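Let's take a walk through this model together. Keep the sequence and the 3D view open as you read.

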Amino acid sequence: MIEYRTNVDGITPDQLEGPFFVGWPNPPSPATHLRVLDGSAHVVVAVDESNQQVVGFINAITDGVFMAFIPLLEVVPEYQGRGIGSELVRRLLELLDGFYTVDAMTDPELQPFYRHLGLEAAHGVALRDYERQSGE
Ligand SMILES: CC(C)(COP(=O)(O)OP(=O)(O)OC[C@H]1O[C@@H](n2cnc3c(N)ncnc32)[C@H](O)[C@@H]1OP(=O)(O)O)[C@@H](O)C(=O)NCCC(=O)NCCS
């Protein structure tokens, strides 16, 4: 069974071995990943009750007034295709109910995934410093 939690209280880095950040050349460590989740305004994590491993997560940062941004969403490859990603988005959107904007940057091929959850395609710009990708 998958349990959904809206905080990372009691979660330790060894529960975040994933693998997460698949395909990232310079991914954050599980300890840094935990700092990212802990520092986010909102988080939803999917935990496999059988082994207590985190198998998916989503986070949001906000101005606390009317704008929210979803920086990260990921489900461990072995667990993809079971509705976990959709459930993470749905539960986060419930937490963000009442905000004027909820934005996420995504590759074009993932826009249908977000569209079926109610988010519309939009344009954006981005600045990246890949030297800092690990968060160290
Ligand atoms: C995107 C992601 C979180 C989806 O998680 P998931 O648990 O596999 O998603 P779901 O099982 O809820 O899939 C819901 C629907 O979206 C579709 N979908 C899932 N991943 C997709 C993808 N990468 N591209 C296009 N459609 C996708 C599924 O086919 C499914 O459609 P259906 O309901 O018609 O069957 C997961 O593929 C992932 O972690 N990918 C790598 C990281 C990533 O790309 N994150 C998003 C960054 S913005």
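What follows starts at the ligand, widens to the pocket and ends in a loop.

This is a predicted model, so local features need pLDDT of at least 70 and side-chain atom pairs count only at pLDDT 80 or more, while totals for chains, interfaces and linings use all residues. Residues are numbered from 1 along each chain as its sequence is written, and side-chain values use heavy atoms, with hydrogens and water left out.

Start with the ligand. It has 17 residues around it, and Leu73, Gly81, Gly83, Gly85 and Ser86 come nearest (a residue is near if one of its heavy atoms lies within 4 Å of the molecule). By class, this shell has seven nonpolar, seven polar and three charged residues (Ala, Val, Leu, Ile, Met, Phe, Trp, Tyr, Cys and Pro count as nonpolar, Asp, Glu, Lys and Arg as charged, and the others, Gly among them, as polar).

Now look at ligand oxygens. One is 2.6 Å from an N or O atom in the side chain of serine 86. Backbone polar atoms turn up too: a ligand oxygen is 2.7 Å from one in glycine 83, and a ligand oxygen is 2.8 Å from one in valine 75. Taken alone the ligand exposes 890 Å², and the protein buries 59% of that (accessible areas by the Shrake-Rupley method with a 1.4 Å probe).

Which elements give two or more residues to the shell around the ligand? They are strand S5 (73–75), helix H2 (84–95) and helix H3 (111–115) (DSSP runs numbered from the N terminus, helices being H or I with at least four residues and strands E with at least two).

Zoom out to the largest pocket, with about 1,600 Å³ of space (on a 1 Å grid over the protein atoms alone, a pocket is an open set of points where a 1.4 Å probe fits, with protein on both sides within 12 Å along at least five of seven lines; lining residues have an atom within 4 Å of a point). Of its 48 lining residues, Pro71, Leu72, Leu73, Met105 and Thr106 are the closest to its centre.

Finally, visit the loop between strand S1 (2–5) and H1, where proline 19 has its place. The peptide bond from glycine 18 to proline 19 is cis, with omega near 15°. Phenylalanine 21, also in the loop between S1 and H1, has a positive phi of about 55° although it is not a glycine.

Note on methods:
A polar contact is a pair of N or O atoms within 3.5 Å; within protein, one must be able to donate a hydrogen and the other to accept it, and residues adjacent in sequence count only if both atoms are side-chain atoms. Grid points are joined across faces, edges and corners, and a volume is the space filled by probe spheres set on the points.
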